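Here is a short briefing on one protein model. Keep the structure in view as you read.

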Amino acid sequence: MRATLEARRDLGPEYETALIESFVSRLDATITQRVRAEMHAAGVGGTPPRKAGNSSIPIALASMGMGIPLTAIAASEAGSAGLLLAWGGIIAINVAHALSRRRERD
């Protein structure tokens with residue numbers, strides 16, 4: 001920090017932004033290095049632990065819960081096209097969730 005302040009005095013205020021960015025970058029690298037060293041010393045590291053439980057259950061229940069009223073509304077208001085659109089959206093949400101879970105496992 002002292003070196004940065006002295007460099008500012010020598011170079012002038014027009015270099016202040018560059019000096020501050022350089023100082024913050026070095027400070028960030030130092031902090032990161034210390035945190036990694038402490039985590040390594042404590043035996044912590046690697047991938048974070050996975051959450052227990054099955055997050056697919058709330059998605060499935062919400063799909064069914066939303067599907068029943070959406071079926072009634074879509075069928076009465078828009079007919080077959082509305083019904084297909086409503087269930088297409090529900091299916092898309094479930095497929096996206098299943099694909100994201102598959103990527104997490106890999």
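**Ser 63 and its contacts**

Leaving aside neighbours within four places in sequence, Ser 63 is in contact with Ile 90 and Asn 94. Ser 63 lies in helix H3. The model is a predicted one.

**Overall make-up**

- The protein has three helices and zero strands.
- From the N terminus on, the elements run α-α-α.
- The protein has 106 residues, and 10% of them count as buried.

- Is Ser 63 buried or exposed? Ser 63 has a relative accessible area of 10%, so it is buried. The cut-off for buried is under 20%.
- Arg 101 counts as buried because its relative accessibility is 18%. That value also falls under the 20% cut-off.
- Ile 68 counts as exposed, because its relative accessibility is 61%. Exposed means over 50%.

- Which residues does Arg 101 contact, leaving aside its neighbours within four places in sequence? They are Asn 54, Ser 55 and Ser 56.
- Ile 68 and Trp 87 are 19 residues apart in sequence. In space, their C-alpha atoms are 10.0 Å apart.

**Helix H2 by itself**

- Helix H2 runs over residues 16-42 and has 27 residues.
- From its first C-alpha to its last, H2 reaches 39 Å. That is close to the 39 Å expected at 1.5 Å a residue.
- What follows H2? Gly 43 does, and its phi is positive, near 80 degrees.

**How H1 packs on H2**

- Two packed helices are described by the angle between their axes and the distance between the axes.
- Helix H1 covers residues 2-11. H1 and H2 pack at an angle of about 165 degrees, with their axes 10 Å apart.
- That angle makes H1 roughly antiparallel to H2, because angles over 145 degrees count as roughly antiparallel.
- H1 passes H2 in a right-handed crossing.
- Which residues make the contact? On H1 they are Thr 4, Ala 7, Arg 8 and Leu 11. On H2 they are Glu 16, Leu 19, Phe 23 and Arg 26.
- By class, the contact of H1 with H2 has four nonpolar, one polar and three charged residues.
- An α-helix has 3.6 residues a turn, so residues three or four places apart point the same way.

Technical notes: Residues are numbered from 1 along each chain as its sequence is written. This is a predicted model: local features need pLDDT of at least 70, side-chain atom pairs count only at pLDDT 80 or more; totals for chains, interfaces and linings use all residues. Side-chain values use heavy atoms; hydrogens and water are left out. Helices (H or I, at least four residues) and strands (E, at least two) are DSSP runs, numbered from the N terminus. The expected span of a helix is 1.5 Å times one less than its number of residues. Axes are lines fitted to C-alpha atoms, for helices over the stretch in contact, and angles run from 0 to 180 degrees between N-to-C directions. Angles under 35 degrees count as roughly parallel, over 145 as roughly antiparallel, 65 to 115 as roughly perpendicular and the rest as oblique. A crossing is left-handed if the near helix is turned anticlockwise from the far one by less than a right angle, and right-handed if clockwise. Contact means heavy atoms within 4.5 Å. Ala, Val, Leu, Ile, Met, Phe, Trp, Tyr, Cys and Pro count as nonpolar, Asp, Glu, Lys and Arg as charged, and the others, Gly among them, as polar. Buried means under 20% relative accessible area, exposed over 50%, partly exposed in between (1.4 Å probe, protein chains only).
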